[in-house]
Amino acid sequence: LIDDAKKIQTILTVLAISAGLIAIYGIFQHFTGIDLYHGTTLASAPSSGYRISGNFSNRLTFGNYFAVVSLLFLGVASISRGRRRFLYFGAFFLGSLATVFTYSRGPIIVLALGILLTLIFLEKRSRKIIFIALAAAVIIIMAVSPDILSRYMESARTEWEGKYAGSRLSIWRTAGRMIGDHPIFGVGQGNFSEAFPQYRDLESNRAYGHAHNDILNVAAYAGIPGALFFIGFWAAIIAGLVKLFRKLKDDIDIRGVTAGILLATTAFFMTSVYEATFADEEIRLFLMALWGLYWGIKLMLSRGTFAPKI
């Protein structure tokens, strides 16, 4: 259905406005603790304010989503030349604040790495705007939560030690044992939570529905061959996006959209290292929409139907 530049322009504009509005709602949550959607009070943040979840039930899922959508718009705005690029930069800025105010470690790291990749590989002419946006975000974050970094490092050390039953290392060890016993076919889709108690650490009483890592999760329920296939189609998509980005030198705006999709795809994959993000329907559906946009751009390229400024 996405077969001309005008449709892409409309889709990105609507997404930027809606993402910005939800991000503003998330920032409102941070200062008030009010969850209008669920009618509950949010958990307190480490120093002041509250940990936001937007209109999601899980703040980590919300943080992952906004890390991905923020980097999508950073990629688009960094290369595109149309007037809407300032709308896209605005969506990136608000989305970044929403990501940070979830106080979820993973999404914040992914957001930081994505910004670093943008500064290294994308257009130099946009670096000044990115630096200004980053400086403003850092000032706001440090004013609202001055000890966020120290508390962040403390919780990261707890995860790295792997002694806590709910830590990623503990869950990954359990998934590894599961894969070791079922290397070819896995335990079967939907059976991870039932198999978990059999393989978890002796001191653990936890049970989880996935491995908190997409590759380990697929290997656990579909076997190592399934995990290799999963890695293969990710490699194919990313390689295709890189090839398309290099090919689009004449139409700078569509090149910007491709850069945004590539950056968002990379961000999604990074989130899947610490969370089985592909098992989260909300974010996976968004990724599928981005990949659909990628195929639409390929179709447009074959037809030569590029047109207005994005």
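# Briefing on a predicted, mainly helical chain

The protein chain exposes about 14,700 Å², and carbon and sulfur atoms supply 65% of that area. The structure is a predicted model. Its protein chain holds 11 helices and 2 strands, and buried residues make up 51% of its 310 residues.

**Overall layout**

- Read from the N terminus, the elements of the protein chain follow the order α-β-β-α-α-α-α-α-α-α-α-α-α.

- In soluble globular proteins, nonpolar side chains tend to be buried together.
- In this model, the largest nonpolar core contains 79 residues. The largest share of this core comes from helix H2 (residues 59–79), which supplies 13 residues.
- Ile-8, Phe-73, Ile-261 and Ile-297 are the residues with the most contacts inside the core.
- Which residues does Ile-261 touch, not counting those up to four places away in sequence? They are Leu-72, Leu-241, Leu-290, Leu-293, Tyr-294 and Ile-297.

**Salt bridge between Glu-275 and Arg-168**

- The model has 3 salt bridges. One of them joins Glu-275 to Arg-168, with the closest N and O atoms 3.7 Å apart.
- Glu-275 lies in the loop between helix H10 (252–271) and helix H11 (281–303), whereas Arg-168 belongs to helix H7 (residues 168–181), so the pair ties together parts that are 107 residues apart in sequence.
- Both Glu-275 and Arg-168 are buried.

**Salt-bridge network around Asp-201**

- Arg-173, Arg-177 and Asp-201 are linked in a network of salt bridges.
- The side chains of Arg-173 and Asp-201 meet in a salt bridge with an N to O distance of 2.7 Å. This pair links distant parts of the chain, with Arg-173 in helix H7 and Asp-201 in the loop between helix H8 (192–199) and helix H9 (214–247), 28 residues apart.
- The side chains of Asp-201 and Arg-177 also meet in a salt bridge, at 2.8 Å from N to O. Asp-201 is in the loop between H8 and H9 and Arg-177 is in helix H7, so this pair ties together parts that are 24 residues apart in sequence.
- The partly exposed class covers values between the limit for buried, under 20%, and the limit for exposed, over 50%.

**Loop residues with positive phi**

- Tyr-103 has a positive phi of about 60°, although it is not a glycine. Tyr-103 is found in the loop between helix H3 (85–100) and helix H4 (105–121).
- With a relative accessible area of 7%, Tyr-103 is buried.
- Where does His-212 lie? His-212 is in the loop between H8 and H9, and its phi is near 55°, a positive value in a residue other than glycine.
- His-212 is buried, with a relative accessible area of 9%.

Definitions and conventions: Residues are numbered from 1 along each chain as its sequence is written. This is a predicted model: local features need pLDDT of at least 70, side-chain atom pairs count only at pLDDT 80 or more; totals for chains, interfaces and linings use all residues. Side-chain values use heavy atoms; hydrogens and water are left out. Helices (H or I, at least four residues) and strands (E, at least two) are DSSP runs, numbered from the N terminus. Buried means under 20% relative accessible area, exposed over 50%, partly exposed in between (1.4 Å probe, protein chains only). Accessible areas come from the Shrake-Rupley method with a 1.4 Å probe; for residues, only the protein chains shown count as cover. A nonpolar core is a set of buried Ala, Val, Leu, Ile, Met, Phe, Trp, Tyr and Cys residues joined through side-chain atoms within 4.5 Å. Contact means heavy atoms within 4.5 Å. A salt bridge is a side-chain nitrogen of Lys or Arg within 4 Å of a carboxyl oxygen of Asp or Glu.
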